[in-house]
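Please keep the sequence and the 3D view open while you read.

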Amino acid sequence: MAPKRSQSRQKALRQSGATGRPRTPEAATTGGGASTQARRQPSRSYRKPKRSFWRGPYPYAGIIGVVVIVVLVVVIISHVNSGGTPNPGNVSQAVSKVTSVPESVFNDVGTGSLNSSQLPISAVKTPTTLTGSGGKPEVLYMGGEYCPYCAADRWVMLSALSRFGTFSGVKYMFSSSTDVYPNTPTFTFANASFSSPYVDFVMVEMYSRTEPTNGQPNLQQPTAEQQQLMSTYDSGGGIPFLLIGGKFVGSTPYSPADLAGKTQQQIASNLSDSSQQTTQDIIGNANLLTATICSVTNGSPSTVCQSPGVQKAGQLLGINPSS
Amino acid sequence: MVLVSAIGLGLSIYLTTVHYDGQTLACTVSTYVNCNAVTHSAQSLVLGTQVPITVPGMFWFLVSGGLSAWALLGREPRWLAPVQLVWSVIALLFVFYLVYTEVAVIHQICEWCTAVHLLILATLLLSVRRMQTREDA
């Protein structure tokens, strides 16, 4: 068996070209053997050492490339889904909850914890007829994003006026972080619109979240007529200013402190639960605002204006929302 | 990598604190950028809980920093670099999900979140560098 194994080994060595002894005179003199031959006459079986995946710039380029591709795909998906316009996404979910509070909640809450001695809406002493550009009764809101009382009021306006029409373009906002009740969660009407067959709602967000030091509007400029209405019906010039059909004027509905520490989603989701304090605040005041709007729309729509919650609010205000 | 992890941990702690304090982030508010809209979204919470995702983010940076510090202490085990690489890849995949929710669901970007995402990307690139160094050794 031994000679046979030796023959096999020699055959293998011959095939590989590494015989273990010099094959050329040069190789013999230098003593380089197979390695010298390989240097001068590379063997056909020679293979370059395999380059590691980790070497060079390829991993970095690969990772950056993947990141760029993923971000591009996400942006394209977003663009296609939104039809090329910015979509408020979760904002619309929260707004949807505020603008579609079940009628049963409005009726359960009624006037909430409001009492006749401290009503946030009152009849003006010298009423006028305030109509919008479409000839419908006008509700005028003038406020600012920095203002925490406006922040609290927007929840009321959003839920009450959505019973008369449809909002669009409402975005998230927080009141100023440096004012009282800092960072009260709310929305902004700065780029919002409202459409309704019953009432015109005019929204003027005069100030941004950063309160201007000079007191001048830095977001939306009120018209001269709006400024005149404000100075007539709100001599102190405080915001929020809410004028309903020239007949009622609103003030701060409830303490912004009740909204502190909650997210817009939490507040909006809680609006289906009439036992929540924020729901009592927002919906109780929304019924009050609804009752005054009903009184300037002559009780339209009747399904809203004749609802028990609105009727109860009307009693508290001493008005008849049905006519 | 320890420095990157420390910065990331600091950002995660800040975002978590702001979440629990009910404060708002110092951030630009525009049509496309609104940190508070993102950090107050449903996607900002761990699925089915009220825990903000910045908490697992803190844990991730803590582990990442620990692994990096281990390598600095002396002779690092051979498994350390590959584990850190896998740890970073997992995080990057989650970052892809978060970018998707920001851009395609919430439609608003959070500057602070983007900073955290970039730190995770930097960690991954540094992990690759470590793998290269390991092969050279």
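The largest cavity has a volume of about 50 Å³, where a cavity is a set of points, on a 1 Å grid over the protein atoms alone, at which a 1.4 Å probe fits but cannot get out, and a volume is the space filled by probe spheres set on the points, which are joined across faces, edges and corners. The model is predicted, so local features need pLDDT of at least 70 and side-chain atom pairs count only at pLDDT 80 or more, while totals for chains, interfaces and linings use all residues. Residues are numbered from 1 along each chain as its sequence is written, chains are lettered from A and ligands numbered from 1 in the order in which they are written, and side-chain values use heavy atoms, leaving out hydrogens and water.

**Cavities**
- By this rule there are three cavities of 30 Å³ or more.

**Helix H7 of chain A**
- Helix H7 (residues 148-161) of chain A reaches 20 Å from its first C-alpha to its last, close to the 20 Å expected for its 14 residues, the expected span being 1.5 Å times one less than the number of residues.
- Of the 14 residues in H7(A), 13 are buried, that is, under 20% relative accessible area with a 1.4 Å probe and protein chains only.

**The largest pocket**
- The largest pocket has a volume of about 730 Å³, a pocket being an open set with protein on both sides within 12 Å along at least five of seven lines.
- Its lining has 36 residues, of which B:Ile53, B:Thr54, B:Gly57, B:Phe94 and B:Leu98 lie nearest its centre.
- H4(B) gives the most to the lining of the largest pocket, with ten residues.

**Nonpolar cores**
- The largest nonpolar core has 69 residues, and A:Phe189 and A:Phe201 touch the most other members; such a core is a set of buried Ala, Val, Leu, Ile, Met, Phe, Trp, Tyr and Cys residues joined through side-chain atoms within 4.5 Å.
- Helix H10 (residues 277-296) of chain A supplies the largest share of this core, nine residues.
- A second, separate core of 22 residues includes B:Cys35, B:Val38, B:Cys113 and B:Ile120.

Key: 1 Å grid on protein atoms, 1.4 Å probe; cavity = no way out; pocket = protein on both sides within 12 Å on 5 of 7 lines; lining within 4 Å. Helix = DSSP H or I, 4+ residues; strand = E, 2+ residues; numbered from the N terminus. Buried < 20%, exposed > 50% of the residue type's maximum accessible area, 1.4 Å probe, protein only.
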